[in-house]
Amino acid sequence: VGLSKLPPMVACFELIRRGLEKGLGLRPTIERPQDALPLLSAIRDQRREHFYCLYLNVRNQVIHGEVISIGSLSSFIVHPREVLHPAITHVVASMALAHNHPSGDVSPSRDDIELTRRLVHAGSIMEIDVLDHIILGEDCFLSMKERGLM
């Protein structure tokens with residue numbers, strides 16, 4: 001490589017370095033429930049129920065994550081408008097829902113199933129797919145989609 005090519009190459013490497021520092025091109029992709037687990041570790045060990053949403057683009061890359069509600073030891077309140085507001089703000093194509101069960105038991109309650117159905121319905125009206133609802137226990141998880149509950 002001649003000296004005349006050196007400055008453009010240095011500039012190219014600098015642009016790549018800056019892009020990697022900002023996380024450009026390194027968005028996590030959710031293709032199956034297990035892919036979301038590292039992004040949900042912050043709520044897994046909480047002593048109260050936390051309802052969390054991952055918002056994704058058309059390639060199922062996470063563009064935003066947000067705690068929507070913090071409840072009590074065994075329940076929380078979530079309204080579809082609270083879940084869909086960030087989805088609309090961030091112009092997402094789909095979302096993955098998650099919440100923890102401090103008891104460690106990942107069995108979904110009737111309320112969990114009903115909430116999921118309401119959010120799937122609300123999302124469909126807005127043309128935003130709900131890919132899954134994951135329930136986290138102490139050392140396990142349950143995918144409501146894999147269990148046929150949504």
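Helix H4 (residues 80-89) lies across strands E1 (50-56), E2 and E3, running at about 30 degrees to E1. Helices (H or I, at least four residues) and strands (E, at least two) are DSSP runs numbered from the N terminus. The model is predicted, so that local features need pLDDT of at least 70 and side-chain atom pairs count only at pLDDT 80 or more, while totals for chains, interfaces and linings use all residues. Residues are numbered from 1 along each chain as its sequence is written, and side-chain values use heavy atoms, with hydrogens and water left out.

**Sheet**
- Five strands form an open sheet in the order E2-E1-E3-E4-E5, with mixed pairing; two strands pair if DSSP finds at least two bridges between them.
- Strand E2 (62-70) and strand E5 (141-143) are the edge strands, each pairing on one side only.
- On average, neighbouring strands of this sheet are turned by 20 degrees against each other, direction ignored.
- Strands E3 (residues 94-100) and E4 (residues 129-136) run parallel and are joined by seven bridges.
- Asparagine 100 stands opposite leucine 136 in E4.

Terms used:
Axes fitted to C-alpha atoms, helices over the stretch in contact; angles between N-to-C directions. Contact = heavy atoms within 4.5 Å.
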